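Please find below some notes on the model, as numbered points.

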Amino acid sequence: MASEHVIVATTTDSEERAHALAASVVEAKLGACAQIVGPITSVYRWQGAVETDREWRVEVKSAADRAEALVRHLTEHHTYDVPEVIVTPITSGHADYLSWLVTETRS
């Protein structure tokens, strides 16, 4: 069974950029709600070296049929060469909230 709702997550290198990404997806009606978590510490391999950086996580709740456009928007507006953008299905939740997600992602 395909999910009708998703959480799309990304990370960025400043609180200001996280706020800008969050606001841009909500204003574009690609997400109903975006939450910013951070700072967090990320450890990753980049260009052959292990890096450790402080980042902010942006989690966007949306309708599944908006996920492709949301991923494209985040990728186009991101400052990273290869941004983390991950789509996770929401398999269950409060029905009224999930309905609100869909309503808020429509023009």
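1. The side chains of Gln35 and Lys61 form a polar contact at 2.4 Å; the term stands for a pair of N or O atoms within 3.5 Å, where within protein one must be able to donate a hydrogen and the other to accept it, and residues adjacent in sequence count only if both atoms are side-chain atoms. This is a predicted model, in which local features need pLDDT of at least 70 and side-chain atom pairs count only at pLDDT 80 or more, while totals for chains, interfaces and linings use all residues. Residues are numbered from 1 along each chain as its sequence is written, and side-chain values use heavy atoms, with hydrogens and water left out.

2. Gln35 belongs to strand E2, residues 33–46 (strands, E, at least two residues, and helices, H or I, at least four, are DSSP runs numbered from the N terminus). Gln35 counts as partly exposed because its relative accessibility is 38% (buried is under 20% relative accessible area, exposed over 50%, partly exposed in between, with a 1.4 Å probe and protein chains only). Besides Lys61, Gln35 touches Arg57, Val58 and Glu59, not counting residues up to four places away in sequence (contact means heavy atoms within 4.5 Å).

3. Thr11, in strand E1, has 4% relative accessibility and therefore counts as buried. Its side chain is joined to that of Glu84 by a polar contact of 3.3 Å. Leaving out residues up to four places away in sequence, Thr11 touches residues including Ile40, Trp56, His78 and Tyr80.

4. How do H1 and H2 cross? Their axes come within 11 Å and cross at roughly 145° (axes are lines fitted to C-alpha atoms, for helices over the stretch in contact, with angles from 0 to 180 degrees between N-to-C directions). From H1, Leu21, Ser24 and Val25 meet Leu70, His73, Leu74 and His77 of H2. The residues of this contact comprise four nonpolar, three polar and no charged.

5. The largest nonpolar core has 14 residues, of which Val8, Val25, Val58, Val60, Leu70 and Leu74 touch the most other members (such a core is a set of buried Ala, Val, Leu, Ile, Met, Phe, Trp, Tyr and Cys residues joined through side-chain atoms within 4.5 Å). At least two core residues come from each of strand E1 (5–12), helix H1 (15–27), strand E3 (49–63) and helix H2 (67–77). H1 gives the most, with four residues.

6. Val60 touches Val6, Ile7, Val8, Val25, Gly31, Cys33, Ala34 and Leu70, again not counting residues up to four places away in sequence.

How values were computed: Nonpolar A, V, L, I, M, F, W, Y, C, P; charged D, E, K, R; others polar.
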